[in-house]
Amino acid sequence: MFDLPGSWVWDFWFADDGDRYHLFFLYASRALRDPDARHYRASIGHAVSTDLVEWTQVSDALVRSDAPAFDDLATWTGSVVRHPDGTWFLFYTGSSLAPDGKNVQRIGYATSDDLEDWTKSGGPVLEASGPWYETLESGAWHDEAFRDPWVFPDPDGDGWHMLITARAAHGPADGRGVIGHAWSPDLRSWELREPLSVPSDDGFGQLEVAQVEVVDGRPVLLFSCLDEHATESRKGHAGGTWAVSAEAVLGPYDVASAYPLTDESLYVGRLLRRRSDGQWLLFAFRNVGADGSFIGGVTDPMPVAWEGDRLVVQGG
């Protein structure tokens, strides 16, 4: 397990350089006392491992920018990919406050030659806009949800795709969560496209930290949503991380068919294929304890496998 005694650790993502695994994670000091205050104090930390169990913390990857900037409040969740020229790209969420005090999220990136020293590109490359995506002006949600970029190469070699935690501009307020979508020819310039899922009365207010992978030949989408942000029909199902089977990595994703992969004690489930044996593993952060208090820290790897048409945690 990866944990920091002086800080809360929560959302995270991986990169594999072929020699070491790299863990990028959000963290904030426990001196804040209130774990809910961590979100507006988040920085992106960095640790490395050769076995996915023992981790060594190294220099932080990113911190917030000086105001005014799209990331002058905090740097939030993202993903890391490598360009064919060898450059590493870290896509991340920049958080800032609107004049009314509500949170606005946009997406930017930083680059590195070695996964350790990162240079921000400057400004955001994507933000919520119509006609597909809800913005703060709608008043239907507590923030402008447009975050958690998950970037991967097109399966047919046509550029790159990004999945985004976003909300549709229409539909039931508590079911507008959709998988936002953008495309790029080169990782630097991005074109916003329509969502890969649709709002639903049997859906979610937000689909956090989405990831799509082909696990043992079958595409699967993971996302996270807590009970409080789900539609009434979903409440009480005790889901934290959810899974959706798909016909292709670009969906479309039938979010109404999502099933829980973990309960709410584990959140932000991430899949990673172990290099040594090809085994697919699930990681998550410890969300709440038996007393309902926030815990934090990234779990040890948990093997997953298909049972019928569902992905399950083995031994879970």
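The count comes to 18 aromatic pairs, where rings of Phe, Tyr and Trp (its six-membered ring) pair if their centres lie within 6.5 Å, with planes under 30 degrees apart taken as stacked, over 60 as edge-to-face and the rest as tilted.

| Pair | Centre to centre | Angle between planes | Type |
|---|---|---|---|
| F204 and F223 | 5.0 Å | 75 degrees | edge-to-face |
| F204 and W242 | 5.0 Å | 65 degrees | edge-to-face |

F204 lies in the loop between β14 (191-193) and β15 (208-215) while F223 is in strand β16 (residues 218-224), so this pair ties together parts that are 19 residues apart in sequence. W242 belongs to strand β17 (residues 241-245), and its pair with F204 links parts of the chain that are 38 residues apart. Strands here are DSSP runs of E with at least two residues, numbered from the N terminus. F204 counts as buried at 1% relative accessibility, as does F223 at 1%, and W242 is buried too; buried means under 20% relative accessible area, exposed over 50% and partly exposed in between (1.4 Å probe, protein chains only).

The model is predicted, so local features need pLDDT of at least 70 and side-chain atom pairs count only at pLDDT 80 or more, whereas totals for chains, interfaces and linings use all residues. Residues are numbered from 1 along each chain as its sequence is written, and side-chain values use heavy atoms, with hydrogens and water left out.

One aromatic cluster is formed by F12, F14, W55 and F283. D117, which is exposed with a relative accessible area of 58%, lies in the loop between β7 (103-112) and β8 (119-120).

Definitions and conventions. Helix = DSSP H or I, 4+ residues; strand = E, 2+ residues; numbered from the N terminus.
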